[in-house]
Amino acid sequence: MRARTIDHDQVRALHAENLTVPQIKARVGGSPAYLRLIIKGKVGIKPTNISRQSALSLAGRPAKIPAFDTSAIVEGRTVYRSTVVDPGSYGFDVLKSGFNSSKIGKAVTKGRWKGFPIYTLTLEERATCPLSCRHWRSCYGNSMQHAHRLARGAALEARLEQEVRALGRRHRRGFVVRLHVLGDFYSVAYVALWQRLLAEVPQLHVFGFSARWDAERDPIAAALVRLVLAKWNRFAIRFSDAPIDECSTVSVETPLQAPAEAIVCPQQLGRTVACATCGLCWQSKRPVAFITH
Ligand code: SF4
């Protein structure tokens, strides 16, 4: 297969930084029309660099898993250190429009959250995740070399307070935050921040996934489980690979392995374009099966 010359992820990342199409063209080349198609997610994702060490590709992406003794895996951090940014000095919004992610989408088109714009938050993978995560090595972030990862801590939480309140004023009917494109709930205080924002910003709706479900051993998980149980209608966080019948996900190697009670993510099967056009994760409590990548 011939490698493409324009990196679609880089184009979307530059667009997320508010660069204009001519500015993006100056950085990566290509025609303005083609760049606009990439930004709108109308051009398929294709591999940028398939090495001979890669496993077979999934949806055009090379599947690679770092060795267990590489420093990022041992130290519990991203492979791409330079992409971790300080929220205190970050010159862009920490909550990005879902428009920049073809898998997520700009605004919900069906169901009880119809019409709500979607925003995403990306933290640092592994550095915020429990070691028990089934995808510690196979994290999706391993193939996201251009995503900005917001560093955890007080500066991030201050920015979130500010931006969630501003979004509540801008979108009076409601808006959605997808937690977390990468990363996880990293402290009890951080869970409490979302709890407070849910109480104080009625427009806020959240969906996403967390590997923190072991409430008996992990106090962060205990706080998170309590919040999900109390607020599922507006805080639809599913527990990844958790041994529970509802509000969970299950990882499978092939759709054939999906348990009977689970629904395989329609976006992965090419049956819907994005979360925005699906809504299954917050419309239903049935387990959702994800094909590992
Ligand atoms: S099931 Fe639907 S909402 Fe959930 S991740 Fe897949 S596309 Fe998104």
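Reader: Where is Thr122 placed?

Author: Thr122 belongs to the loop between E5 and strand E6 (149-150). Strands here are DSSP runs of E with at least two residues, helices are runs of H or I with at least four, and both are numbered from the N terminus. Keep in mind that this is a predicted model, where local features need pLDDT of at least 70, side-chain atom pairs count only at pLDDT 80 or more, and totals for chains, interfaces and linings use all residues. Residues are numbered from 1 along each chain as its sequence is written, and side-chain values use heavy atoms, leaving out hydrogens and water.

Reader: Why is Thr122 called buried?

Author: Look at its relative accessible area, which is 11%. Buried means under 20%, exposed means over 50%, and partly exposed is in between (1.4 Å probe, protein chains only). So Thr122 gets the label buried.

Reader: Which residues is Thr122 in contact with, leaving aside neighbours within four places in sequence?

Author: His148, Arg149, Leu150, Val181 and Leu182. Contact means heavy atoms within 4.5 Å.

Reader: What label does Asp86 get, at 43% relative accessibility?

Author: Partly exposed, because 43% lands in the middle class. You'll find Asp86 in the loop between strand E3 (84-85) and E4. Its C-alpha is 9.4 Å from that of Gly153, although the two are 67 residues apart along the chain.

Reader: And why is Gly98 buried?

Author: Its relative accessible area is 0%, so buried is the label. Gly98 is in the loop between strand E4 (96-97) and strand E5 (118-120). Not counting residues up to four places away in sequence, it touches Ile104, Gly105, Lys106, Ile118, Tyr119 and Thr120. Gly98 also has its C-alpha 9.5 Å from the one in Cys275, 177 residues apart in sequence.

Reader: What makes the phi of Asp241 worth a look?

Author: Phi is positive there, about 55 degrees, yet Asp241 is not a glycine. Most residues other than glycine have a negative phi. Cys247 joins the list, with a positive phi near 55 degrees. Asp241 is in the loop between strand E9 (235-240) and strand E10 (248-252), and Cys247 is in the loop between E9 and E10 too. Asp241 has 14% relative accessibility, so it counts as buried; Cys247 is buried as well, because its value is 10%.

Reader: Which peptide bond is cis, with omega near -20 degrees?

Author: The one from Leu179 to His180. Most peptide bonds are trans. His180 is in the loop between strand E7 (175-179) and helix H6 (188-200).

Reader: Which residues surround the ligand?

Author: They include Lys103, Cys265, Cys275, Leu280 and Phe290.

Reader: What does the shell look like by class?

Author: Eight nonpolar, two polar and one charged residues. Ala, Val, Leu, Ile, Met, Phe, Trp, Tyr, Cys and Pro count as nonpolar, Asp, Glu, Lys and Arg as charged, and the others, Gly among them, as polar.

Reader: How many helices and strands does the protein have?

Author: Eight helices and 12 strands. Of its 293 residues, 51% count as buried.

How values were computed
Near = heavy atom within 4 Å.
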